[in-house]
Structure formats: structure tokens, C-alpha cells
Number of protein chains: 2
Amino acid sequence: MDRKQFRDLASPERAREAIRSLDLAPGEETVPLRTARGRVLAERIDADLDVPGFDRASVDGYALTAADTFGADEADPARLERVGEVHAGTAPDVEVRPGECAEISTGAVLPPGADAVVMVERTDRDGEDVLVRTAVAPGDRVMFAGADIAAGERALGPGTTLTPREIGLLSAIGVDSVPVRAKPTVGIVSTGDELVRPGEPLDSGAGQIYDVNSYTVASAVEEAGGVAELYPHAGDDYDAMENALRTAAEECDLVLSSGSTSASAVDVIYRVVEETGELLLHGVAVKPGKPMLVGRLGGSAYVGLPGYPVSALTIFRAFVAPAIRRAAGLVAPETETVTGRMTARERYSEGRLRYMPVGLVADAEGETLVYPVDKGSGATTSLVEADGIVAVPPDVEYLAAGESVEVQLFSPEVRPPRLFGAGEDDPALSRLLDRIDRPRYLAVGSRQGRRRLRDGATDVGVVTGDQVPDETVEIGAYDREWGLVVPAGNPRNIGGLADLVDDDVVFRNRTTDAGLRSTFEASVEDLAAERGLDRRELTEAISGFEIALRAHESPARAVRSGDADAGLGLRASAAALGTGFVGCGTERVTVVADPDRAAKPAVEELRTAIETGEDVFESLAGYRR
Amino acid sequence: MDRKQFRDLASPERAREAIRSLDLAPGEETVPLRTARGRVLAERIDADLDVPGFDRASVDGYALTAADTFGADEADPARLERVGEVHAGTAPDVEVRPGECAEISTGAVLPPGADAVVMVERTDRDGEDVLVRTAVAPGDRVMFAGADIAAGERALGPGTTLTPREIGLLSAIGVDSVPVRAKPTVGIVSTGDELVRPGEPLDSGAGQIYDVNSYTVASAVEEAGGVAELYPHAGDDYDAMENALRTAAEECDLVLSSGSTSASAVDVIYRVVEETGELLLHGVAVKPGKPMLVGRLGGSAYVGLPGYPVSALTIFRAFVAPAIRRAAGLVAPETETVTGRMTARERYSEGRLRYMPVGLVADAEGETLVYPVDKGSGATTSLVEADGIVAVPPDVEYLAAGESVEVQLFSPEVRPPRLFGAGEDDPALSRLLDRIDRPRYLAVGSRQGRRRLRDGATDVGVVTGDQVPDETVEIGAYDREWGLVVPAGNPRNIGGLADLVDDDVVFRNRTTDAGLRSTFEASVEDLAAERGLDRRELTEAISGFEIALRAHESPARAVRSGDADAGLGLRASAAALGTGFVGCGTERVTVVADPDRAAKPAVEELRTAIETGEDVFESLAGYRR
């Protein structure tokens with residue numbers, strides 16, 4: 001098909017202008033005051049009544065004529081006849097004439113004839129008479145009608161965000177429904193053939209994956225002040241996708257899709273945009289997000305986001321959220337950005353604006369440190385490791401260690417972790433971390449845990465065996481039993497490592513980053529030495545030795561699913577998955593801290609969690625402290 | 001009735017402990033992932049599947065056996081037979097044997113036999129053959145199953161607040177419903193006899209006022225992470241009130257009431273608390289809030305808040321919001337406090353903790369200034385003037401001008417105004433302010449506007465006539481016509497000021513703070529001089545001259561409602577209210593700025609609004625610039 005050609009990538013500013021030109025303004029609507037919190041007033045509201053609506057006693061006491069108390073004091077009180085009483089919320093049924101008074105409660109209507117109130121504390125009763133032991137002036141202890149808010153006054157202006165206090169003011173003037181800016185409606189059309197909505201069954205063999213972007217972007221839309229509508233995707237039914245795009249364009253102020261890996265899907269989007277609207281730009285000089293699309297889809301605005309989750313959220317954060325907020329009349333939350341120092345030098349020289357995903361961590365003094373999240377943007381896990389993005393201009397070749405940078409958080413609710421650790425994947429540690437508020441732990445293996453600790457980003461590292469790095473502070477340690485996970489009942493009757501070599505057993509290993517793999521390698525070396533072989537000769541005899549899986553349960557799961565006869569793993573994993581287990585030994589798991597961070601409260605909390613974690617160690621097979 | 005006696009006021013710490021001891025913890029519930037944003041995870045969630053769930057091509061290209069490309073380069077490509085293709089979201093129907101390759105799209109399943117992918121850019125087609133112009137290693141351009149998230153890994157811990165990125169991670173692992181902390185349910189029982197819910201008709205003559213606290217506290221509860229339930233009040237039907245309290249106690253984790261002015265209502269609360277639960281404390285050494293109650297009401301917690309809106313919100317903010325947040329598992333928002341400098345010295349010496357309501361304003365450099373909101377806490381308007389509270393410890397006698405204080409904002413969404421002005425109440429100004437983002441304007445009259453400008457809190461003052469203060473910068477000015485508002489058709493045939501003196505006309509005046517009053521007084525002086533009287537002789541002849549109303553429309557409204565025959569006012573007010581008008585002259589309204597603040601963007605915006613506000617002046621009768 002013929003496509004509109006865009007020879008050059010648009011500048012980020014041009015992309016922002018294009019989105020702004022699409023004008024999402026959704027008009028206004030009226031909502032009940034009770035549910036108006038967080039909404040933005042569309043119009044000025046003037047008071048239409050006086051508050052209070054009557055002359056109001058501001059203390060408990062007696063309503064009287066001030067002139068009657070002239071010269072009265074403790075020694076020489078004025079004597080007034082008590083002619084009635086007035087309670088809050090009732091109309092006075094008494095008139096106060098000279099020489100008289102009426103008992104009055106706070107908030108009650110000043111009765112006719114009275115022009116002041118005396119506090120009950122400055123009076124005494126004497127039968128039906130009241131002795132007033134002070135002189136009062138006209139207006140004393142009276143709040144006159146309209147003294148708080150007068151009819152005709154400006155109460156609140158357009159653009160005001162309604163917080164509880166504004167709701168209080170509107171309550172006072174009797175407003176029970178308010179004109180507010182409507183929320184822009186944002187349609188999200190999922191376009192990947194391989195995407196399955198969470199909760200539905202997944203056919204991994206057919207290359208299906210769960211749709212990450214639809215819910216992520218929908219909740220980001222809502223966070224920015226929009227209403228998100230999901231339009232169901234239909235695998236490779238392109239007619240259905242076209243229909244979803246056209247329906248979304250009719251029903252929404254803005255339509256978003258996120259990059260499809262399918263050329264056919266992109267063709268459908270192109271065709272619908274060009275048939276019903278206009279493509280304003282394709283491709284922006286920004287990393288990630290180069291393939292971003294901006295245009296009009298029928299009467300709606302359209303932005304095509306990149307497909308990788310972190311990239312989609314990055315482009316949403318940088319380009320789309322401000323447009324939604326502007327349409328909703330909201331201001332950017334102050335917590336949306338933080339400033340911190342880079343933990344390490346970061347190079348970059350691609351000549352276009354880069355939105356670098358970063359994580360945050362606090363040093364011992366509570367100062368914010370910023371580190372690049374170096375996973376490929378295709379990784380979903382970097383969604384949770386990355387707290388936000390740093391915009392690196394095209395002409396900046398590197399950010400120096402210690403350099404101050406501004407981080408645009410992915411969400412105003414994002415908070416840096418209180419504890420940042422990396423290292424061995426361990427089920428006891430997972431449970432111990434539950435006892436700490438806001439930890440971040442990357443189960444990247446003992447080797448990467450050592451490296452990250454050395455690089456200065458993490459507070460703690462978790463390593464096995466003798467991999468404890470020098471110049472660190474030990475926070476705690478415990479033992480775990482490792483060995484071979486086998487099917488329940490051990491049908492192949494595997495007795496240990498030697499059987500992997502000698503029998504036709506399909507094995508699954510762990511990655512070389514895992515401390516458990518190092519422990520296992522030591523046993524492999526021992527067996528090789530025993531048999532007079534070199535290591536490689538031995539490992540080549542193990543079917544599947546090179547198939548290295550990432551997480552502590554992965555080999556055990558392969559065994560449980562029948563993909564393998566044995567897997568390197570922990571007794572605890574075997575117990576959790578209900579498989580058999582052949583013990584080979586125990587290894588020590590040690591938690592160490594960067595000496596500069598050992599005093600951080602959360603590091604101390606981890607120390608305590610390990611010390612007092614007997615219940616965790618008892619609940620996991622093969623663990624002891 | 002017998003009441004449990006509390007001789008001494010409890011310390012604020014004791015009050016906090018008492019509330020903490022009531023334990024609001026509401027358990028957990030399961031919610032759909034789609035609506036889980038902002039909720040707090042109740043349990044750790046481990047991944048139960050690998051992401052991706054299969055070995056996945058990470059580029060468009062060809063799946064092949066890496067060994068086949070050994071030594072290949074641009075000049076000497078490897079030639080492989082193309083035996084099929086694999087698309088994302090479909091199961092491969094081809095196996096790749098040595099010497100073969102399969103076309104593969106990004107995200108598709110690596111077909112059996114293949115161990116790597118080569119990018120399409122490094123290949124050429126030659127009929128059914130593919131020329132691979134680079135050597136690839138096993139695993140190149142393949143994301144292995146579980147490489148992103150592995151089954152068994154810790155995904156998120158308990159206590160995690162779910163923002164879009166966490167929703168993305170949970171989507172990736174197919175979670176579609178999540179165990180979260182339930183929100184504490186907070187019942188709000190309204191107890192004032194005189195309170196009417198907004199939207200219902202109000203009988204001011206019977207001393208009724210709109211219920212401010214119910215909606216204010218309900219929205220503050222929701223802002224803190226709770227669910228608010230309103231229990232209808234029933235005027236002085238104490239059986240109904242008791243019933244509401246008992247029902248709320250059964251249905252809610254926490255019950256709040258706000259101070260009733262009625263002794264009978266307090267008796268009911270006392271009785272129900274003592275019969276069904278326990279009163280833990282009555283009275284806290286804090287201003288405001290001394291009469292605060294804390295106890296148990298059936299199985300629920302109970303806190304009695306003060307009755308004045310600002311006091312209720314202050315005590316809620318200081319004592320109740322933290323308890324609700326803790327119960328909901330939420331952390332205090334970072335924007336809940338700001339630091340600023342006091343604009344003026346503030347004395348205090350009551351020997352108990354004071355929560356002083358304050359407003360915020362930015363100086364020209366954007367630094368935050370803090371000023372006490374000096375209206376009585378009974379004023380609803382101070383709700384909107386006050387941005388938060390400053391805790392002044394019992395032993396602090398004064399806060400110095402320039403002293404740095406921490407302000408606890410009433411809401412994390414509270415933002416200081418961009419423009420802070422005070423002065424004449426003027427309908428044109430009300431409309432011009434609509435064109436400025438986040439103004440705060442106090443229509444306190446020209447005199448108070450001058451005073452506030454001199455005190456250094458406000459950016460601008462608005463004054464009439466010759467009241468322009470020295471050493472200020474004029475921002476703009478315009479004229480308005482003033483005179484006597486009379487009933488439509490002018491039935492009393494009032495021709496001017498002299499008729500007020502000579503005829504039996506009921507008049508309504510403005511307060512002496514109003515610039516309009518000063519203008520009027522000049523006419524009064526002129527008439528007195530003309531008649532050879534002193535001012536007092538003349539004004540005593542005007543019925544109602546001393547009845548001074550606060551806002552620009554107040555006298556006109558009194559005329560419209562039949563309470564007066566004539567009122568001091570503006571032609572614009574008469575036109576708006578449909579009454580008659582007798583012009584007496586024009587007065588100049590001048591907007592001036594503090595010289596230090598004249599460069600603030602919002603002050604410049606006001607200048608522009610006046611300069612370009614021809615439409616406003618044309619729309620209001622009697623105005624011209």
C-alpha cells in the first residue's frame with residue numbers, strides 16, 4: 001500500500017506540538033458534590049446565599065440589648081428578666097425587649113430585639129432573673145448574617161481542583177452538584193496478534209504472551225486524569241481490529257495503540273488513520289520511541305506507542321500524560337520529578353534525545369542516588385526496577401558519576417525502595433523481605449549481586465558459599481540444602497551426580513550467575529577428579545548440562561512438567577512443587593551490606609528479619625540458621 | 001447522667017496512642033487487576049509462569065542453527081534453504097534442520113531445531129534460499145523462556161502500592177485479580193440539630209445551616225484511603241441519632257462525629273459510647289480540638305471531632321488521617337508537608353500544642369511564605385484560605401518573622417495560590433480572576449486590602465478612589481458606577497442621597513472596610529456641608545445607615561428581598577439582580593502590587609487580564625476602563 005512518507009524523524013518538540021494540536025478538550029459535566037473530590041471546576045461559583053443565613057449566637061449565653069448592660073461588672077451586675085430560650089436549629093419564639101434576655105445556645109438565631117449575646121460564664125441565675133456581670137457592646141458574640149460568606153461573593157474560580165476544603169466551602173453555600181471539566185476518554189486498542197488478556201488461558205507453545213501494555217497504559221491514563229476504555233483485540237482478525245479502531249475513534253477523545261510486532265497490524269492502523277483522519281508524524285528522534293505515530297483518527301486524536309512495556313510507559317509519560325492532564329485541567333503533581341546523583345558514569349552518543357530508564361536508591365544520609373536500569377527495554381521486570389526516566393539531550397555524550405539529574409517518575413506514587421539488594425534467588429530471602437517495608441530485590445544470582453554491590457548501587461548483596469566479597473559487612477547468614485530435583489517417587493532411581501553422567505538422564509542446570517551453580521560445579525570438579533577426567537569430558541556426558549535456567553525453581557518446574565528427569569535445585573523447591581529430591585549438600589547463604597549503607601534503617605531491619613526469622617527457616621524444607 | 005470524668009486534658013501523644021490502640025485493620029479483599037491502581041498488596045505474589053513462556057525471537061529475521069553460519073560474512077555468506085515461516089502468536093509448523101532456516105517475526109516462537117536468529121538486515125533472499133552475511137552464536141537474538149521473569153520468582157511483596165508499572169508486571173505473569181488490603185470503612189454521623197445537607201432547602205429563620213463537615217470529612221477520609229459512609233442525621237430526633245451511631249458502629253471500622261452545639265446530642269454520644277464500648281479520653285491539650293473524644297463504639301473505633309470546619313479538618317489531619325492510612329497500608333504522601341518562612345511574627349502562649357491554620361504564598365523567587373489565617377475557626381471561608389497547619393509546641397511563645405516552619409497541608413493536592421490578593425469586592429475583578437490559574441482573592445474591602453499588602457503577605461491589593469497606597473506598583477485600573485439600588489421601577493421615587501435623609505426610607509449600607517463606603521461617605525460629607533449639618537446629624541436621619549453589610553451585592557439583595565427600600569451598591573449589581581438603580585457617580589478601582597512581587601508571572605497575567613478585559617467591562621453595566 002501507499003504510505004505517507006516521513007523522511008526525517010520529527011523532533012520531540014514537534015511531536016509535542018502535534019499532540020497539542022489534536023485538542024483533546026472534553027467539555028464539562030455536572031457531578032454530585034459528594035463525589036467531586038479531585039475534579040476540576042469548569043466555571044466560577046459565586047455564593048448565592050449568606051453564610052450564616054441569620055444573625056447567629058457564637059457562644060452559649062443570653063441574648064440581650066447591649067444598652068441594658070452599660071456599666072455592669074462583677075460587683076454590680078445588670079438584672080434582666082429571662083423571657084424564653086432559643087435553641088440551635090429552631091426559630092425564636094420570643095422577642096427581647098429592654099430589661100429582658102433570652103437563653104440562647106451556640107449557633108441559634110438571635111431573637112428579635114436582641115443585639116448582643118453575653119457568655120453564660122459571665123452571668124448568674126437568680127430565679128427567673130439573670131445577673132449579667134459584664135458590659136457588652138452591640139454585636140458582641142454575634143456572627144452577623146453573611147459575615148462568613150456573603151451572597152454574590154466569588155467562592156471558587158474555574159480551574160480549581162476540589163480537595164476536601166473546597167468541598168467544605170461548597171457545602172456551606174448549599175451547592176450539591178458542581179460543573180467540572182469532563183475527563184478525557186482514552187481508548188486503548190491492543191494490536192498484537194500474540195497478546196492474551198490476563199486471566200485468560202495462555203498457549204505458550206503458540207507464542208502467546210500476556211498483554212502487558214493494555215492494563216499498564218489504562219491505569220496510567222487514569223492516573224493522569226483520563227477515563228480509559230479497553231477495546232478488545234482479536235488476535236490476527238484484522239477486520240475486527242479495524243472495527244475496534246473505528247469504534248474507539250468514535251467514542252473517545254484520544255485513541256492509543258501500542259506497537260505491534262505484526263506488519264499486517266501496522267498496515268491496518270495506517271489505513272484506518274489515513275482513511276478516517278490524518279497522519280501527522282511517524283517517527284520521533286527519541287530513544288526509545290522512534291516508531292511513534294501521531295495523527296487523527298476520525299474525530300479523535302491518535303498516538304501509537306512503542307510495543308515494549310517500559311518504552312510504552314516512557315513515551316506515555318513524556319508525551320501523552322501531559323496532554324491528558326491538560327485536557328482534564330489538572331496540574332502536574334509535584335512528586336512527579338525528583339533530583340538525585342548518578343551512581344556511576346553512563347555513556348550515550350546516538351545523537352538523539354534519550355529517555356533513560358533509571359532506578360532510585362537512597363544513600364545512608366537519605367540522599368537520592370540514580371542508576372540506569374540496564375536491562376533491554378523488552379524486559380517486563382525493568383518496569384518494576386525502573387522508577388522513572390532521565391532525559392539525556394542529544395548533545396550529551398555521558399553523565400558523570402555524581403552528576404545531578406532530574407528524574408521524571410513513572411507515577412507520582414512511585415517511591416524509591418527503602419532497601420535495594422541483588423544476588424542469589426532464594427525462597428527464604430523472598431519471605432524475609434516481606435517483613436521489610438518497600439524493599440527492591442533483584443534475583444540476578446550471587447555473581448551479579450557481587451558486581452552490583454561493587455558498583456555502588458545496591459545496599460546489600462546475597463551470595464552463596466565462599467563468594468562473600470571483601471570489605472562488606474555481614475548482615476546475616478543461613479544454610480540451605482541443595483541437590484537434584486527428580487520426579488515424585490524418583491522413578492529413575494537417581495542417587496546423585498554420578499547418575500547424571502552415567503545414565504541417560506535429561507538434566508536442567510542453573511545459569512552460571514547462580515551461586516548454586518558454583519556450588520554444583522565444585523561437586524562436578526570433584527567427581528571429574530575422582531574419575532581422572534577433565535571437567536568438560538564429564539559435563540559433556542550430562543544431557544542438558546548446558547541448558548541453564550535463571551531462577552531457583554526453574555529446573556524443578558522442568559522436572560515437574562516432564563521436560564527433564566533431574567534438575568539442579570533446592571530441597572525447599574522440591575517440597576513446594578511436590579517433586580522428589582536427592583540431597584547433595586548444604587550451602588551457606590550470606591547477606592552482606594555495603595559498609596556505607598549498613599546503618600540504613602532498612603538494612604538493620606533485614607538483619608533483624610534474619611535473626612528473628614526462625615519461623616521462615618522452619619517453614620522451608622532443608623533450611624536452618 | 002453520670003459521665004466518666006477526665007480531670008486532665010490528655011497529651012496529643014496519648015491521643016495518638018489511644019487512636020492507635022483502637023486498631024482499624026480491615027483485613028484484605030481481592031480486586032480485579034484492572035481496577036487495582038492505588039491499592040496496596042496484602043500478600044507477596046510470586047510468578048507462577050515463565051515470561052516469556054517460550055524461546056522468543058527478538059528481531060525479524062531467520063531462525064537457524066548457529067553452527068551453519070560459522071565463518072559467514074558479507075563477502076562469503078552462508079546459504080540456507082528457507083523451509084517455512086513463523087509468525088508471532090502462532091505455533092511453529094516447521095522444524096529447522098542443519099542447512100535450513102525459517103523466516104521468523106519478532107516475538108514468534110523459535111522453531112524446533114533452531115538455536116539462534118539472524119536479523120533480516122544481515123541477509124539477502126536468493127529464490128528459496130537465504131544468504132546469511134554474518135556469523136551468529138547460539139542464543140543470538142533469542143530471548144529464552146523465563147529470561148524476563150522465571151516461575152517461582154518473587155514478583156511483588158506485601159505492602160506494595162500498585163502503580164501502573166506494578167500492574168504491568170502482574171499483567172505479564174497473567175494475574176488478573178489481586179489480594180489487597182481492604183480499605184477501612186469510616187462512618188460519619190452528623191449530630192447538629194441545625195444541620196441541613198447541601199441540596200436540601202434551608203430555613204435560615206429557624207437557624208438552619210448547611211452541613212459542612214459531613215462532606216468535608218467524607219472526602220478527607222477517601223483521600224486518606226478509607227471508604228466513607230454518611231449516616232443521615234435527623235435534626236433533634238435523638239433516637240434516630242442513637243440508632244445511626246449504633247448502625248455505624250456495626251458497619252464500620254471507625255465512626256466519626258463532629259462536635260455538636262447541642263448538649264442533648266453530646267449526651268446521646270456519651271451514652272452510646274459508654275453503653276456499647278468505652279470512652280478512652282475526653283479532651284486533648286491541643287488548640288483547636290480540646291473537646292476531642294476517643295473511644296470504642298461497639299466493635300468500632302470512635303473519634304469525636306470539633307464542630308468548626310477548620311478545626312474538624314485540623315484534628316482529622318493531625319490525628320485521624322494517619323490512622324486511616326496506616327490501616328489502609330498506605331504511606332503518607334510526600335506532598336503532605338512543605339516548608340516555608342513566616343511572613344510576620346506570630347505570638348502564642350496558651351501552654352498547649354497549637355495547630356495554627358496557615359496560608360501559603362510564593363515570593364518573587366518562588367520561595368514559600370507562610371502566614372497565619374486569622375479568621376475565627378468558625379468561619380467556613382478560612383477553609384479555603386488555609387492551606388494547612390503549623391504545629392506550635394506548648395513551650396513556644398512566638399514564631400518570628402522569617403522563621404522557617406513546616407506546614408502540614410490539608411491535602412496532598414493543595415497547591416499554594418499563584419496569585420494572592422485582597423481588597424475591594426468587585427464583580428469585574430471576580431471575572432478577571434477567572435483568567436488566572438490558581439488565584440486566591442480575599443474580598444475584605446479596600447481598607448483591609450491596604451493593610452494586608454503592607455503586612456507583606458499579599459501580592460496585590462485592590463482599592464477604590466484615592467486609597468492607593470504609596471510605594472506600590474499600579475497593575476491596572478478601571479471605573480465602576482455606584483449609587484443607590486432600589487426596587488425595580490423605583491416605587492419610592494428615590495432620586496439620590498437627599499431622599500434617604502428626607503424620606504422615611506429603609507436603607508442598607510456597606511461596611512467601613514469597603515472602598516465603596518468611603519466614596520459614599522464623601523457624598524454624605526458634601527450633603528452635610530451643603531445643609532450646614534455635621535455628618536452625624538445627617539446619618540442619624542437615614543434609617544439603617546448603621547446596618548453595614550459585607551459584600552458588594554448584600555444591600556442590593558436586601559432591597560430585592562424587600563428588607564430595604566434602598567441600598568448602597570453598583571449599577572452592575574442592580575442589573576444582575578434585576579432591581580432599579582439611581583446613579584450617584586463613578587469610582588476608580590485600582591489594582592496595585594507589592595513592588596517585590598510585581599514581576600511574579602501571575603501578577604503579570606492579572607495586568608494582561610485587565611488590559612485585555614474589554615469583554616468583561618462591556619458585559620457589566622456601569623463599567624469602563
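**Exercise 1. Find how helix α3 (residues 213-223) and helix α6 (residues 309-328) of chain A are arranged, and which residues make their contact.**

*Solution.* Start with the axes: those of α3(A) and α6(A) come within 10 Å and cross at roughly 25°. Helices here are DSSP runs of H or I with at least four residues, strands are runs of E with at least two, and both are numbered from the N terminus. Axes are lines fitted to C-alpha atoms, for helices over the stretch in contact, with angles from 0 to 180 degrees between N-to-C directions. That crossing makes α3(A) roughly parallel to α6(A), a label for angles under 35 degrees.

Next, list the partners. From α3(A) come Asn213(A), Thr216(A), Val217(A), Ala220(A) and Val221(A), while α6(A) brings Pro309(A), Ala312(A), Leu313(A), Phe316(A), Ala321(A) and Ile324(A). Contact means C-beta atoms, placed from the backbone, within 7 Å. Sorted by type, this contact has nine nonpolar residues, two polar and no charged. Ala, Val, Leu, Ile, Met, Phe, Trp, Tyr, Cys and Pro count as nonpolar, Asp, Glu, Lys and Arg as charged, and the others, Gly among them, as polar.

A word on the model: it is predicted, with local features needing pLDDT of at least 70 and side-chain atom pairs pLDDT 80 or more, while totals for chains, interfaces and linings use all residues. Residues are numbered from 1 along each chain as its sequence is written, and chains are lettered from A and ligands numbered from 1 in the order in which they are written.

**Exercise 2. Work out the strand order of the six-stranded open sheet in chain B, and what packs on the sheet.**

*Solution.* Read across: the order is β16-β13-β17-β21-β20-β18, with mixed pairing. Strands pair if DSSP finds at least two bridges between them. At the edges stand β16 (227-231) and β18 (278-282) of chain B, each pairing on one side only. Now look inside: β20(B) and β21(B) run antiparallel, joined by five bridges. There, Leu297(B) stands opposite Ser300(B). Finally, α6(B) packs on the sheet, touching β13, β17 and β21 of chain B.

**Exercise 3. Determine how chains A and B are related and how they meet.**

*Solution.* Then inspect the interface, where 103 residues of chain B contact 104 residues of chain A. Helix α2(B) gives the most to chain B's side, with eight residues. Because 100% of the interface residues of chain B are also interface residues in chain A, the copies meet through the same surface.

Notes
Two residues are in contact if their C-beta atoms, placed from the backbone, lie within 7 Å. Copies are superposed by least squares on the C-alpha atoms of residues with pLDDT of at least 70 in both. Angles under 35 degrees count as roughly parallel, over 145 as roughly antiparallel, 65 to 115 as roughly perpendicular and the rest as oblique.
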